[in-house]
Every structure is written in C-alpha cells, then in structure tokens.
Amino acid sequence: MTSTLDRTANRALTPGLPARLTLTPETTLAGRLDGAWWPRSRDLTAELPALADALKGRWGRITRVLVNPEHWPVIPHKVAVTGHVLHVGWFTEQDPDKVILLSYTTGRCDLLVIPPETEPACAARLMTAAALPGSVLTAGSLMSGEAAADRRMREGGSSEDAWDTDGGAAPTPRPHPAAHPVVGARMIPLPGRTGR
C-alpha cells in the first residue's frame, strides 16, 4: 500500500499559524502526558516547526521527535525549525496517539496527538483531559474513551434520551423488607410463620 501526500496543500494551511497546544500546569504531580497537540495536517514537515517553537519557552530547544508511523503517511528524517534541525524517528511499538519530544535541557515531553480532522468540541475535551496534572490515562485510552463517547452520542443520543425511551422515570419495584428477613447470610423465621 502506498500513501501520497500533497505537501503544497498542507503547507498552505499552516504558515504562520501557532501550534494548537495545551500543556499541563507546572506542578510536582507527574502524569503520563504533558499535554496535547492538535496539528492542522498529517505533514510533519509543515507541523513540527510551530510545535517546536511553542515548546521552546518551557522545554528549551527540542532536538528529537519520535512518532508511530500509523498516523503519519510520510516521516522525514530531519525537519528544519527556527535555528536548528529536528531529528525525527519512528517506532511501531510507541502509542500511535502520542508524540515524544526530546530536549537537551529539560528531557522528555509526551503529548497526545489529536487527529487534524477532529471536531473542535471533541478536540477541546481531549486537550483538557490530556493536560490534567497527575493523570494516569495514556494517549490511547483518552482517544478510545472519546471515540466510545462519540459513538454513543451518534447511536442513541444522550443518556437522558435512552432513559426516557426505556421508561426511565419509574423505579424498579423492590420487595418489602419483611418478605425476606435476612440477617447476614442466614434466614431468620419470624414469629407466627412456619419455616419451609
């Protein structure tokens, strides 16, 4: 299978636009992600310069980027950014919904990658969730959770709609407590009743 990429179309979308990025607040609570990135295309050559520039203030000079090739049709070995070159590598074992950025000064930054075609409301939820300090959720679990929620919304509307159509307002009848006098795991016969 071959992939083609129209580089001119993607670059026309991104020149001069800042990276759509959210980062966890600086805190001692370490989480599995440092935030989220919502690129405008799947062209790493066009997208990485704005991301590296946006991270410079907090992570210093980004020197290496690691991706999973599942979502990136072309992975360049090097990408020119402001003042230097980023080295780009790929690993199929890496979470496909995550990008890892390495800096000599600060270390490692792991970001959830939100697909470019994602609806803005969905992207906003994902960006907020990925930036929660101390979160133990992985990039893949955030994406699969959002996909499941989106699927539920498309298939059956909201949970209130399902509640109303299922007869929702009436509670399930419960037997009277005296009908089954149970203490712990033993049956206690009530006075005046015969045991079975």
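**Cavity and salt bridges at a glance**

Helix α2 (residues 44-59) supplies the most residues to the lining of the largest cavity, 4 in number. Helices here are DSSP runs of H or I with at least four residues, and strands are E runs of at least two, numbered from the N terminus. This is a predicted model, where local features need pLDDT of at least 70, side-chain atom pairs count only at pLDDT 80 or more, and totals for chains, interfaces and linings use all residues. Residues are numbered from 1 along each chain as its sequence is written, and side-chain values use heavy atoms, with hydrogens and water left out.

**The cavity**
- A cavity is a set of points on a 1 Å grid over the protein atoms alone where a 1.4 Å probe fits but cannot get out, and lining residues have an atom within 4 Å of a point.
- The largest cavity has 13 lining residues, with Pro18, Ala19, Arg40, Glu47 and Ala50 nearest its centre.

**The salt bridges**
- The whole structure has 4 salt bridges (a side-chain nitrogen of Lys or Arg within 4 Å of a carboxyl oxygen of Asp or Glu).
- Arginine 42 pairs with glutamate 117 in a salt bridge, their closest N and O atoms 3.0 Å apart. That pair links distant parts of the chain, 75 residues apart.
- Aspartate 110 and lysine 98 form another salt bridge, at 3.2 Å between the closest N and O atoms. Aspartate 110 sits in strand β7 and lysine 98 in strand β6 (residues 98-103), so the pair ties together parts 12 residues apart in sequence.
- Lys98, Arg108 and Asp110 are linked in a salt-bridge network.

Key
On a 1 Å grid over the protein atoms alone, a cavity is a set of points where a 1.4 Å probe fits but cannot get out, and a pocket is an open set with protein on both sides within 12 Å along at least five of seven lines; lining residues have an atom within 4 Å of a point.
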